[in-house]
Amino acid sequence: QVATEIIRAKRDGYAITKRVEGGVRVYDEKRRARFGDICILLPVRTHIGKLARALDDLNIPYRSADPGILFELPLIVGLVNTLKVVALTDDDLALMSALKSPIFGITDNDLHDYITMQGATWSTEGNAIGDTKVAEALNAIYEIRKVSGLVRPSLVLKMILERQGIFEGLISDRNGAFEASALRMLLTHSYTWENQGNAGLLDYIDALDVLMDEKSRISLPLP
């Protein structure tokens, strides 16, 4: 209903109040309303996911600094889990989630074909065997990990995204613009976190866990 009302407001309404005189709004009739003129205020986060999907269904572009939306995106979930695997958190669930996310795009069939190969292992120590997507992903994680202790978390994020060609792949995606904006917001968050004097990949992962907590009132910075 909210998304439908936004469509109507853009279609029928004028955009900007020029001034308020005696409580009467005076509109600028030289310009029609744009989506960027509209702001949705929500008292609680309960229905954010449903609202985001409704906006997507009606092709309404939107931006949000609320991590509740961003951290439900499969791309962001996959990126965070890849960070955890790179940081050697020994989280097998994070590894599987990272591999099957849009970061690596591994399917269940890919996983089955790989693990049934003789000598196959889930090791991310650079010794994954075979010319398969799974082995390539495991070895890519190892290559990133080799330098992750020498660079800032923001650079680790950029290495993952650049190595996998994520931004290039989003160009042709229907929701690519929003997901690209979400990635830039996460990168901006990592820059801000580092500029506050913080350092270390594991510490940054802890900071992300706080950000993802439903009780958190922290917002992500706009890129």
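**Reading the features**

Modeller: Keep in mind that this is a predicted model. Searching the whole structure turns up 2 aromatic pairs. In one of them, Tyr 114 and Trp 122 have ring centres 5.6 Å apart and planes at 50 degrees, so this pair is tilted.

Colleague: Why does that angle count as tilted?
Modeller: Planes under 30 degrees apart would be stacked and those over 60 edge-to-face, with the rest called tilted. The planes of Tyr 114 and Trp 122 are at 50 degrees, so they land in the tilted class.

Colleague: Is Tyr 114 buried or exposed?
Modeller: The general idea is that under 20% relative accessible area means buried, and over 50% means exposed. Tyr 114 has 0% relative accessibility, so it counts as buried. Trp 122, at 30%, counts as partly exposed.

Colleague: Where does Ser 101 lie?
Modeller: Look in the loop between α5 (92–100) and α6 (108–115). Ser 101 is at 6% relative accessibility, so it counts as buried.

Colleague: And what does the side chain of Ser 101 reach?
Modeller: That side chain comes to 2.8 Å from the backbone oxygen of Ala 98. Setting aside neighbours within four places in sequence, Ser 101 also contacts Pro 74, Gly 78 and Ile 106.

Colleague: Which residues make the nonpolar surface patch?
Modeller: Ile 38, Ile 40 and Leu 42 make it, and it covers about 210 Å². Ile 38 sits in the loop between β2 (24–27) and α2 (48–57). With a relative accessible area of 31%, Ile 38 is partly exposed.

Definitions and conventions. Residues are numbered from 1 along each chain as its sequence is written. This is a predicted model: local features need pLDDT of at least 70, side-chain atom pairs count only at pLDDT 80 or more; totals for chains, interfaces and linings use all residues. Side-chain values use heavy atoms; hydrogens and water are left out. Rings of Phe, Tyr and Trp (its six-membered ring) pair if their centres lie within 6.5 Å; planes under 30 degrees apart count as stacked, over 60 as edge-to-face and the rest as tilted. Buried means under 20% relative accessible area, exposed over 50%, partly exposed in between (1.4 Å probe, protein chains only). Helices (H or I, at least four residues) and strands (E, at least two) are DSSP runs, numbered from the N terminus. A polar contact is a pair of N or O atoms within 3.5 Å; within protein, one must be able to donate a hydrogen and the other to accept it, and residues adjacent in sequence count only if both atoms are side-chain atoms. Contact means heavy atoms within 4.5 Å. Patches are made of residues with over 30% relative accessible area and no salt bridge: like charges are joined within 9 Å, nonpolar side chains (Val, Leu, Ile, Met, Phe, Trp, Tyr) within 5 Å. Accessible areas come from the Shrake-Rupley method with a 1.4 Å probe; for residues, only the protein chains shown count as cover. A salt bridge is a side-chain nitrogen of Lys or Arg within 4 Å of a carboxyl oxygen of Asp or Glu.
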